[in-house]
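Okay, thanks for making time, everyone. Have a look at the structure on the screen, and I'll talk you through it.

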Amino acid sequence: MYGHVAIAGKHTIPGSVTPPRYGNATLHAASIGDVGRGIQVTIPIGRVAFLGTGAMAEAMVAGMLARGVVQPEQIVASHPRAERRDELVARYGIALVEGNCEAAQGADLLVLTVKPQVIRGVLAEIREVIAPEQVVLSIAAGVPLTTLVNNLGGHGAAARAMPNTPAQIGEGVTVWATTASVTEAQRAVIGTALGALGHAHYVEDEKLVDMATALSGTGPTYIFLVMEALIDAGVHLGFSRHLAEQLVIQTISGSVAFAAQSHKHPAELRNLVTSPGGTSAEAIYQMEKGGLRTVLSKAVHAAYQRTVTLRQAQERD
Ligand SMILES: NC(=O)c1ccc[n+]([C@@H]2O[C@H](COP(=O)([O-])OP(=O)(O)OC[C@H]3O[C@@H](n4cnc5c(N)ncnc54)[C@H](OP(=O)(O)O)[C@@H]3O)[C@@H](O)[C@H]2O)c1
């Protein structure tokens, strides 16, 4: 059975005349780079197989079903444990099988959602059954396209994506790239699948996926650490931990929503509330003196270097 879908993502793009419409088969173009920019594209997504159905796979399944881009009959997933298979069948009405090859056979899109440590084993398994027209999408962190292609015996159509943890509630941001052999229609299918996790940005240069690993992939960790530090500062002042948590969570989520809706640069929003000799000016002085900007910049850079090292290790093996 085929559902008709278009390009994924939760947001419209400049020049797109009609916003995305979820809940039935037709969607409109969203931000996935050069595929269908501003044009309504309707394509059949076909059958999707998830190999290794853990947290991220479940987020994608739930998102795709909730957006109506596929029906449960179009999804087959593999999992080694029977109780996990039973749980997913009961929750989503999708097909679950034990073997990766069984799941892979006949699927148009194969989504590899296993951990990086086991992906080579899974690639070695499906190498024997994969057909040239099938497209493989991996979300495994630090696993380059060359590893996918080489371990699938030169299979051309492969894509690699870096989502982040808010994907598990449909609020993630993903950066993805493909090999040159992936067709525009296949890219539209991939964009649709990744759009189930939140916002999805297609890039032509795979290096940007590594860079995104350091900025958005690892990004929630930076924010959680900042949240923790502010909560502790509130407790230090004398707030109960519960109230400090509530104040920090709402301050951060409210500030993010305000920044997004105002379309102003963060520096402009900050300057608006920084009065001469005031509390903000005093606090900002201490943050600059403590090197907050430099620390964040060094953290992102270090995460990028680590990503490159892990990718190089994958390429060597
Ligand atoms: N979580 C994130 O926000 C995030 C962000 C960016 C990228 N990623 C990437 O997404 C991938 C999945 O992450 P996750 O958080 O969803 O991990 P996860 O919850 O551990 O999911 C992986 C699943 O694969 C199963 N599995 C293990 N070996 C298998 C095999 N040989 N064949 C088939 N299934 C197998 C695991 O089974 P068991 O339950 O028995 O272990 C588990 O359910 C990883 O490669 C990670 O790098 C995740």
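When I say a residue is near a molecule, I mean its C-beta atom, placed from the backbone, lies within 6 Å of it. This is a predicted model, so local features need pLDDT of at least 70, side-chain atom pairs count only at pLDDT 80 or more, and totals for chains, interfaces and linings use all residues. Residues are numbered from 1 along each chain as its sequence is written.

So, the ligand. There are 28 residues around it, and Gly52, Gly54, Met56, Ala140 and Ala141 come nearest. Which helix gives the most to that shell? That's α4, with four residues. Helices and strands here are DSSP runs numbered from the N terminus: H or I with at least four residues, E with at least two.

Now the sheet. Eight strands form an open, mixed sheet, in the order β5-β4-β3-β6-β7-β8-β9-β10. Pairing takes at least two DSSP bridges between two strands. β5 (95–97) and β10 (198–202) are the edges: each has a single partner strand, so one side of each has no neighbour in the sheet. Further in, β3 (residues 48–51) and β4 (residues 75–78) run parallel, paired over four bridges, and Leu51 sits opposite Ser78 of β4.

Last stop, helix α8, residues 219–237. Its 19 residues reach 28 Å from first C-alpha to last, close to the expected 27 Å, where the expected span is 1.5 Å times one less than the number of residues. Just after α8, Gly238 takes a positive phi of about 125 degrees.
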